[in-house]
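Please open the structure in your viewer and keep the selection panel at hand.

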Amino acid sequence: TIFWSLAPRVRSDLPMRVATGMVLAALLLGSLWVGGEFFAGFVGLMVMLGLGEFYGSLRRGGYQPLALFGFLGAAGMLAGTWFYGPVAVPVATVATTILTFFYYAFALRRRDALTNGGLTLLGLLWVTGTAAFAFPIAAAEHFRVLVLATAATVIATDVGAYFTGRAWGRRLMAPVLSPHKTWEGLAGGVVLGIGAAVAAGYFFDEIGIRSGAVLGLVVAVMAPLGDLAESMLKRSMGVKDMGAILPGHGGILDRVDAFLFVLPAAWVLFETMGLLR
């Protein structure tokens, strides 16, 4: 989550958040060090856990998504994207849509097919369809540099927004969706994120300063949108967090929501600039 918050004067959970973040960073770095296949496996595990959180939150809210179909579609989408590229995303989506229609056409007991079927596909697209774009990046020659630059930019945006929002946040950005996010926090996150991306381009010749600057701009737009999208869904479902697997953060989706929108945009950027070849 990107934090642009007005800080309440209560005991901070920052140490727990930092510790959890360090564990996740260690797992990410370890998978990158071993190889692209292991990084893809790490992403796939996070996707399946996140998808389970989403469907679980829906069920607690009284909905009945077809979780089995969602997981099957997600597995097919991830495997297809690894072997055949992003074309597998629409193919798996269409296949899951057809399977969902088939089920509701013949199921003896079906409840609100439009809502529950639509939510099943929403989870597939929002969680898996976006994260799947990490796979073609992982297949690139310089995938370690690309992944590290993207992750560092998102994390820097997060950190900058958190501390700027706590120190100077006054003007609420989206009070209906998230009453603690401020424009000052957003500005601080954008500045630090772009700075981190430019620094990554400076130190890594595989990216370059120009591509790094563009990456910073992409993250500055897409990361906040990803955070707000999850806030919208959580408010619609009436939940504070999607899960509780990560101490201090909530669930997997509460931690990676910004990445879900960043990854497809980063793939487009890297592909356009020839960095995946």
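Select glutamate 230 and lysine 234 and display their side chains: in this predicted model, the two meet in a salt bridge, with N and O 3.7 Å apart. Both residues belong to helix α9, where they are four residues apart, about one turn of the helix. Glutamate 230 is buried, and lysine 234 is buried as well.

Lysine 234 lies in helix α9 and aspartate 254 in helix α10 (residues 252-272), so the bridge ties together parts that are 20 residues apart in sequence. Are these two partners buried or exposed? Lysine 234 has a relative accessible area of 11% and is therefore buried, and aspartate 254, with 3%, is buried too.

Next, select lysine 181 and aspartate 227. A salt bridge links them, and their closest N and O atoms are 3.3 Å apart. Lysine 181 is in strand β2 (residues 178-182), whereas aspartate 227 is in helix α9 (residues 209-237), so this pair ties together parts 46 residues apart in sequence. Both lysine 181 and aspartate 227 are buried. A search of the whole structure finds six salt bridges.

Which residues surround it, leaving aside neighbours within four places in sequence? Threonine 128 is in contact with Val47, Leu51, Ala74, Met77, Leu78 and Gly123.

The protein chain contains ten helices and two strands, arranged along the sequence as α-α-α-α-α-α-α-β-β-α-α-α. Its C-alpha trace spans about 60 × 50 × 30 Å along the principal axes. The radius of gyration is 19 Å, which agrees with the value near 19 Å for a compact globule of 277 residues. Of those 277 residues, 52% count as buried. Among contacts between residues at least 6 apart in sequence, 74% join residues at least 24 apart.

Switch to a surface display to finish. The chain exposes about 13400 Å², of which carbon and sulfur atoms supply 71%. Colouring by charge shows 19 positive and 15 negative side chains, and the centres of the two sets lie 10 Å apart.

Definitions and conventions:
Residues are numbered from 1 along each chain as its sequence is written. This is a predicted model: local features need pLDDT of at least 70, side-chain atom pairs count only at pLDDT 80 or more; totals for chains, interfaces and linings use all residues. Side-chain values use heavy atoms; hydrogens and water are left out. The radius of gyration is taken over C-alpha atoms; the globule rule is 2.2 Å times the number of residues to the power 0.38. Buried means under 20% relative accessible area, exposed over 50%, partly exposed in between (1.4 Å probe, protein chains only). Contact means heavy atoms within 4.5 Å. Accessible areas come from the Shrake-Rupley method with a 1.4 Å probe; for residues, only the protein chains shown count as cover. Lys and Arg count as positive and Asp and Glu as negative; His and the chain ends are not counted. The place of a charge is taken as NZ of Lys, CZ of Arg, CG of Asp or CD of Glu. A salt bridge is a side-chain nitrogen of Lys or Arg within 4 Å of a carboxyl oxygen of Asp or Glu.
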